[in-house]
Amino acid sequence: MFVALAGVGIYLCVQGFNVSDDTTWDDAELTTAVQGATDALDGSSGFGDIYAEDDDTGWIDQYATKIEQEVVEHGGGDAPQYGVNATPADSNTPSEARYTVTGADSAFCMQVTRTRSKDGDYEPPGIAGGQGTVTVPSYDFAVTMREGGC
């Protein structure tokens, strides 16, 4: 009976280590996840705000959330599902943004270049089914990364 209890205790201890590993990022997991997120986001496209001007920087904070989600998604089954931060740099512009991505002891700098793609613009039909008066702008994103903060 004592041997069985000891076996159960060892099993529960090992399971506890697995849960502990799932709650924090290690450097290898974060490196792999950031590289996967960079590959996934590079060459992507998206629609912008129909009311925004060409010098609008509102997309920068929204893109930070997108980066965080992609990193977590590419973290693999053993990585945590939270704990990644993509902090925008202060010197970002309407067409280029840099983010310091952290989640473990290491940091990565992701650079995102946003260019207008008029070929991808969406023009919804008008109320009567004719030509609409609104154009939803389309943007293409080029994403690169390097080790270290921005």
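## Contacts along the chain

In the protein chain, 66% of the contacts with a separation of 6 or more are between residues 24 or more positions apart. The model is predicted.

The protein chain holds three helices and five strands. In sequence order, these elements give the pattern α-α-β-α-β-β-β-β.

## Surface and burial

The protein chain has 150 residues, and buried residues make up 27% of them.

## The largest pocket

The volume of the largest pocket is about 270 Å³. Its lining consists of 16 residues, and those closest to the pocket centre are Phe47, Gly48, Trp59, Gln62 and Arg114. Three elements, β1 (45-47), α3 (59-73) and β5, each give two or more residues to this lining.

Helix α3 gives the most to the lining of the largest pocket, with four residues. Sorted by class, the lining has seven nonpolar, four polar and five charged residues.

## Arg146 in strand β5

Strand β5 covers residues 138-147, and Arg146 is part of this strand. Arg146 has a relative accessibility of 44%, so Arg146 counts as partly exposed. The class follows from the cut-offs, because partly exposed lies between buried, under 20%, and exposed, over 50%.

Which residues does Arg146 touch, not counting those up to four places away in sequence? They are Phe108 and Cys109. Arg146 and Cys109 are 37 residues apart in sequence, yet their C-alpha atoms are 5.4 Å apart in space. The side chain of Arg146 also reaches the backbone oxygen of Gly149, at 3.4 Å.

## Thr100 in strand β3

Thr100 belongs to strand β3, which runs over residues 96-102. With its neighbours within four places in sequence left aside, Thr100 is in contact with Asn85, Ala86, Thr87, Ala107, Phe108, Gly149 and Cys150.

For Cys150, there is also a distance between polar atoms: its backbone nitrogen lies 3.1 Å from a polar atom of the Thr100 side chain.

## Residues linked to both

Phe108 is touched by Arg146 and is also in contact with Thr100. Gly149 is in contact with Thr100, and its backbone oxygen is reached by the side chain of Arg146.

Note on methods
Residues numbered from 1 in each chain as written. Predicted model: local features only at pLDDT ≥ 70, side-chain atom pairs only at ≥ 80, totals over all residues. Heavy atoms only, no water. Buried < 20%, exposed > 50% of the residue type's maximum accessible area, 1.4 Å probe, protein only. Contact = heavy atoms within 4.5 Å. Polar contact = N/O pair within 3.5 Å; in protein donor to acceptor, adjacent residues only side chain to side chain. 1 Å grid on protein atoms, 1.4 Å probe; cavity = no way out; pocket = protein on both sides within 12 Å on 5 of 7 lines; lining within 4 Å. Points joined across faces, edges and corners; volume = space filled by probe spheres on them. Nonpolar A, V, L, I, M, F, W, Y, C, P; charged D, E, K, R; others polar.
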